[in-house]
Amino acid sequence: MEHQSYAYGHNHFRLDPDLPALLGRYWRGWEGWRGELEAFGELAGGEAYRVADHVDKEARPVLVMHDLAGNRIDRVRLSPAQEGLLRRLAAINRPPYEGGSWHHHFAQGYLLADPGLYCVQTITNCVVYSIHKYALHFSAWKEQLLSGEAFGATWMTEVQGGSDLGANQTRALWDGEAWRLEGEKYFSSGAGLTDYAIVSARPHGAPPGPKGIALFLAPRLDAQGRLNYRVRRLKEKLATRAVPSGEVEFAGAEAHLIGRAEEGIYYLLETLTLSRLANACGAMGLARKAQLEALFRVRRRKAFGQALLEHPLVRRDLTDLAVRIAGGLALTFRAVAAWDEAWLLRPPYDPRYHYARLLTHLAKARTAEHGTYCTQLAMELFGGVG
């Protein structure tokens, strides 16, 4: 990896000029966690950087459909390095649920940034969030997710609806003893890895549209220990292959209603808000890594008799990168601060929650633009070999 990256082997927290300032503004007492964040910055720029590159290019997850006895298991086989690291990274989800700050969680997500490694923690966190807030009787499952013993996922998307939740056709039927799910989810991140998924479905008799959607918790194994749903296939042509994503079939799958059925769409939107914050942190984290690669590059590469760093147009591009990343990161952690103040509110919400959602939408949209622009510009500064 040292021959493929300039940023590898460096502590990404210590190299960051903006994160400490923003944490100082929004997270009271953050200095008490500086040592932990520095240790995480070492991991992010070292082992995590190497494992992410290895998995994405050479060791993508593989779906194993049957065990040695011919039983259907629908499990993914991961690189041992990825599997071990994912379980250790589970700890980044703990702080908000143990009296800590969301800034702690998102600062680590920003430093990690890799779409594969962080995505698994993000979708797991959404399940933890749903249990913690609306289904405390499943606290034992929550602890498994927080310890890295199990992984979670959010399965909402269906082929006929895309991102339109109101078009969901997966049904939830009460058989007198348990809820049963019938339907398919077309884009299911974590397929084959997930132990507990939150799933959107429409209970029998519910009204059409998004207000008729309820949220359910579906374990991989039912109460008798049998496979509860099937993974039809993994999608193998995604840009980020480190997250196993595929299609899931529910045929009478056992599920547990989260909270009140009529409020399901609101619970679901809360988890999407949480995911948008993670997307914003990930986008700016990737932009920062691209910037670091470019900064090291322009100091070492010479053209027309001097280092690239000395050329005025290159310095202009580097300034553009610095300003965009600082601005995007500031907006992101302002949104995190609003979320940190409002996340325990329940429907019907007060203005604090609606303001947090507004900031989250803005952060997600702007950081997506900044992230793609910054990585493209860094590739150009790299001269096409990055």
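Ala, Val, Leu, Ile, Met, Phe, Trp, Tyr, Cys and Pro count here as nonpolar, Asp, Glu, Lys and Arg as charged, and the others, Gly among them, as polar. On that basis the lining of the second largest cavity divides into three nonpolar, two polar and three charged residues. The model is predicted.

**Cavities**

- There are two cavities of 30 Å³ or more.
- Around the largest cavity stand His-12, Asp-16, Tyr-110, Leu-111, Ala-113, Gly-285, Arg-288, Lys-289 and Leu-292.
- By class, this lining of the largest cavity has four nonpolar, two polar and three charged residues.
- Helix H5 (102–112) and H8 each supply at least two residues of the lining of the largest cavity.
- H8 gives the largest share of that lining, four residues.
- The second largest cavity is lined by Asp-74, Arg-75, Gly-192, Thr-194, Arg-220, Leu-227, Tyr-229 and Val-231.

**Helix H8**

- H8 spans residues 264–300, which makes 37 residues.
- From its first C-alpha to its last, H8 reaches 54 Å, close to the 54 Å expected at 1.5 Å a residue.
- H8 is mostly covered, with 28 of its 37 residues buried.
- An α-helix has 3.6 residues a turn, so residues three or four places apart point the same way.

**Strand S6: burial**

- S6 runs over residues 196–203, and eight of its eight residues are buried.
- In a regular strand the side chains alternate between the two faces of the sheet.
- On one side of S6, Tyr-196, Ile-198, Ser-200 and Arg-202 are all buried.

**Strand S6: pairing**

- Strand S3 (residues 152–155) runs parallel to S6 and is joined to S6 by four bridges.
- Ala-172 has Pro-203 of S6 as its bridge partner.
- Strand S7 (residues 214–219) pairs with S6 in the antiparallel sense, over six bridges.
- Leu-215 in S7 is the bridge partner of Ser-200.

Conventions:
Residues numbered from 1 in each chain as written. Predicted model: local features only at pLDDT ≥ 70, side-chain atom pairs only at ≥ 80, totals over all residues. Heavy atoms only, no water. Expected span 1.5 Å × (residues − 1). Buried < 20%, exposed > 50% of the residue type's maximum accessible area, 1.4 Å probe, protein only. Pairing = 2+ DSSP bridges. 1 Å grid on protein atoms, 1.4 Å probe; cavity = no way out; pocket = protein on both sides within 12 Å on 5 of 7 lines; lining within 4 Å. Points joined across faces, edges and corners; volume = space filled by probe spheres on them.
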